[in-house]
Structures are given as C-alpha cells and as structure tokens.
Amino acid sequence: MKNLLRSTTFLAIFACWLWSTAFVGVKIGLQYQTPFQFAGIRFFISGILIFIYFGKPLKFFRELKKHWKFVLLLAIVQIFTQYALFYSGLNLVPSSLGAMIIGSSPLFIALVAHFTFQNDKMTPLKTASILIGVTGIAIITLGRSKVKMKGELELLGIGLLLLNNLVSGYSNVMVSKYSKGVSPIVLSATSLSVGGLMLFLISIPIEGIQPGPFPPAYFYALTWLSFLSAAAITIWNILLQRPGVKVSLLNVWKFLIPVSGAILSWIIISNEKPDLFSIIGMSFIALSLLALNYANRKSSKALGKNLAKK
C-alpha cells in the first residue's frame with residue numbers, strides 16, 4: 001500500500017484531482033475579488049503553507065541562497081507569467097473555447113519536451129494518446145456549451161491562452177531538466193510565494209485594491225485553493241524530478257482534470273447531470289489514458305534493456 005501511495009501514477013492522479021476541485025473555489029472567489037489579486041493572494045499563502053510544513057527555516061534559506069537565481073526564474077515563468085496569460089486570455093474568449101484550449105495543454109507540453117529532451121520524443125503511440133485526449137476534451141466542452149464569439153479581441157485571447165500552454169510546457173521542462181539538487185519543497189514554496197506576490201503587486205495598478213469585507217464563503221474558497229495549490233504543485237515538482245519520468249507522458253494525466261471536475265459538479269451542484277457528450281468525451285479520455293499506460297510500459301521496458309546493456 002505504501003508503494004502504491006508513492007507511485008508516480010497515484011500521485012499524478014491525486015494532483016490532477018486536487019486541481020479539478022479548483023473550479024468551484026475560483027468561481028466563488030472571483031465573485032468578490034479581481035482575478036490577478038485573488039490569484040496573487042492564493043499563491044502567496046500556498047507558498048507560506050509549504051514553508052511552514054518544511055519546518056526548518058535555516059536549512060530552507062541555505063538551500064534558497066544556493067539556488068535563488070533558478071528559483072526566481074521559475075517563479076516568474078511558472079506562476080507569474082503563466083497565470084497572467086491564463087487570466088488575461090480567459091477574459092477575452094468564451095468560457096467553452098478557453099476550457100478547450102487549456103484542456104489541450106498536454107499536447108503543447110509534449111511538443112516542448114520533444115524539442116528539449118532526447119529521450120522524450122513524440123512517437124506515433126504517444127501522439128495518438130494525446131490527440132485522443134484532446135478530442136475527448138473537445139467533445140465534453142462543446143457538448144456542455146456552444147462556442148460563441150465575444151468580439152474582435154477573441155483572437156488575442158486565443159493567442160494568450162496558446163502562449164500560456166507553451167509557457168506551461170517550458171516550466172515543466174525547467175523543473176525536470178534544471179532543478180536537480182533543489183528540494184521540491186523549497187522550489188514550490190518560493191516560486192508560489194514570489195510569483196503570488198508579483199501577481200498581487202501588478203494587480204494594484206491594473207485592478208485596484210479590493211478591500212472587502214468578504215463573506216465566509218470567500219475565506220473557505222481561499223483556504224481550500226491555497227492548500228490544493230501547495231499540495232498539487234509540490235507533488236508535480238517531485239514527480240518531474242523523478243528519474244525516468246517523462247514530461248510528455250506525465251502531463252497526459254491532466255486530461256483527468258475536466259473529467260473529475262465534471263463528476264464533482266454532478267455530485268455537488270443540484271442542476272448538473274451527466275449528458276451523452278460528457279460520457280462520450282470521458283470514454284475518449286479513458287482510451288487516451290490506456291494508451292498512455294501502454295506507452296509507459298514500453299518506455300520502462302526499453303529503459304530496463306538499456307540499463308542491462310550497460
């Protein structure tokens with residue numbers, strides 16, 4: 001059981017489940033606060049939570065001093081730039097189109113990994129797995145709501161969201177390729193708190209200050225979002241640092257996020273029920289993940305043969 005809980009597959013699924021619960025919390029929080037400001041506070045608190053969990057301030061700051069340039073760069077890329085593009089782009093496109101573009105992020109991450117790593121190239125099986133997953137996302141999204149144009153700025157919004165996907169891919173590559181020797185706890189805590197602080201500061205001239213007062217629902221949402229960001233991003237950074245874990249294959253698990261989000265909405269929201277499009281889309285995603293597992297097994301066997309030869 002202990003080995004199962006520590007396995008890459010279990011931890012990836014758990015992290016994706018945590019991210020899938022964010023939709024409701026973000027929806028509640030944005031009723032009372034602007035996007036950049038709410039995200040900034042959320043991520044800053046997440047970083048502080050991880051720092052408290054680490055529990056060894058002297059060791060934390062010694063490691064941070066040693067790797068501060070890389071950690072700062074990751075904060076700028078992974079948190080500040082990625083979420084600034086995400087919220088800016090999402091505000092300019094229909095929600096269904098935005099969900100579809102964000103849902104296709106594993107494809108973009110795989111492409112970035114293809115041009116970065118010698119051992120993470122796009123294979124026919126991997127490409128098929130990702131495209132099947134993207135098809136599933138499209139079916140679920142279009143089945144739940146039709147795409148309607150929002151105006152001239154929609155093309156800009158699409159461009160920002162596509163750029164967000166590429167930045168997400170680059171940040172995954174950064175952690176996998178360049179973070180060796182850095183504790184994922186230090187990496188996550190600092191990137192979240194610094195990135196969150198940057199988002200909050202830029203929100204002041206753009207959005208103004210939202211002084212409140214805020215109802216209890218806002219604080220419940222902020223607490224949960226802060227915890228899930230701390231846990232999910234730390235888990236993801238741990239997995240990206242594991243030997244043999246390929247960035248492209250790991251990120252295919254993110255196709256589970258909209259599936260889990262839809263199931264949670266059916267359970268929690270009274271007027272939300274399963275529909276044919278959602279079931280068909282989820283079937284495509286299940287097929288995609290089966291192909292992913294097959295690709296993982298082939299990759300593990302190939303790695304084992306190479307190590308045996310050496």
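Predicted model: local features only at pLDDT ≥ 70, side-chain atom pairs only at ≥ 80, totals over all residues.
Trainee: Which helix gives the most to the nonpolar patch?

Mentor: The patch lies on the surface and is formed by Leu-5, Phe-10, Phe-14, Trp-17, Leu-49, Trp-224 and Phe-227. Together they have about 610 Å² of accessible area. Two helices, H2 and H11, each supply at least two residues. The one that gives the most, with three residues, is H2.

Trainee: Are the rings of Phe-14 and Trp-17 stacked or edge-to-face?

Mentor: A pair of aromatic rings is described by the distance of the centres and the angle of the planes. The structure holds 15 aromatic pairs. For Phe-14 and Trp-17, the centres are 6.2 Å apart and the planes are at 20°. Planes under 30 degrees apart count that way, so this pair is stacked.

Trainee: How many residues apart are Phe-14 and Trp-17 in helix H2?

Mentor: Both residues lie in H2. Phe-14 is partly exposed at 33% relative accessible area. Their spacing is about one turn of the helix, which is three residues.

Trainee: Are the rings of Phe-51 and Phe-60 stacked or edge-to-face?

Mentor: Take the distance, then the angle. The ring centres of Phe-51 and Phe-60 are 4.9 Å apart. Their planes are at 85°. An angle over 60 degrees decides it, so the pair is edge-to-face.

Trainee: Is Phe-60 buried or exposed?

Mentor: Phe-51 has 25% relative accessibility and counts as partly exposed. Phe-60 has a relative accessible area of 4%. The cut-off for the label is under 20%, so Phe-60 is buried.

Trainee: Why are the buried residues of H3 on the same side?

Mentor: H3 spans residues 22-29, and its buried residues are Ala-22, Gly-25, Val-26 and Gly-29. They lie on the same side of H3 because they cover an arc around the axis of only 100°.

Trainee: Which residues are exposed on the other side of H3?

Mentor: First, the buried side. Its residues pack against helices H2 (8-20), H4 (35-54), H5 (57-90) and H11 (216-241). On the other side, the exposed residues are Phe-23 and Lys-27.

Trainee: Which residues form one aromatic cluster?

Mentor: Two of the four names are Phe-38 and Tyr-218.

Conventions
Residues numbered from 1 in each chain as written. Heavy atoms only, no water. Buried < 20%, exposed > 50% of the residue type's maximum accessible area, 1.4 Å probe, protein only. Helix = DSSP H or I, 4+ residues; strand = E, 2+ residues; numbered from the N terminus. Arc of directions from axis to C-beta. Contact = heavy atoms within 4.5 Å. Patch = residues over 30% accessible without salt bridge, like charges linked within 9 Å, V, L, I, M, F, W, Y side chains within 5 Å. Areas by Shrake-Rupley, 256 points an atom, 1.4 Å probe, with all protein chains shown as cover. Salt bridge = Lys/Arg side-chain N within 4 Å of Asp/Glu carboxyl O. Phe/Tyr/Trp six-rings, centres within 6.5 Å; stacked < 30°, edge-to-face > 60°.
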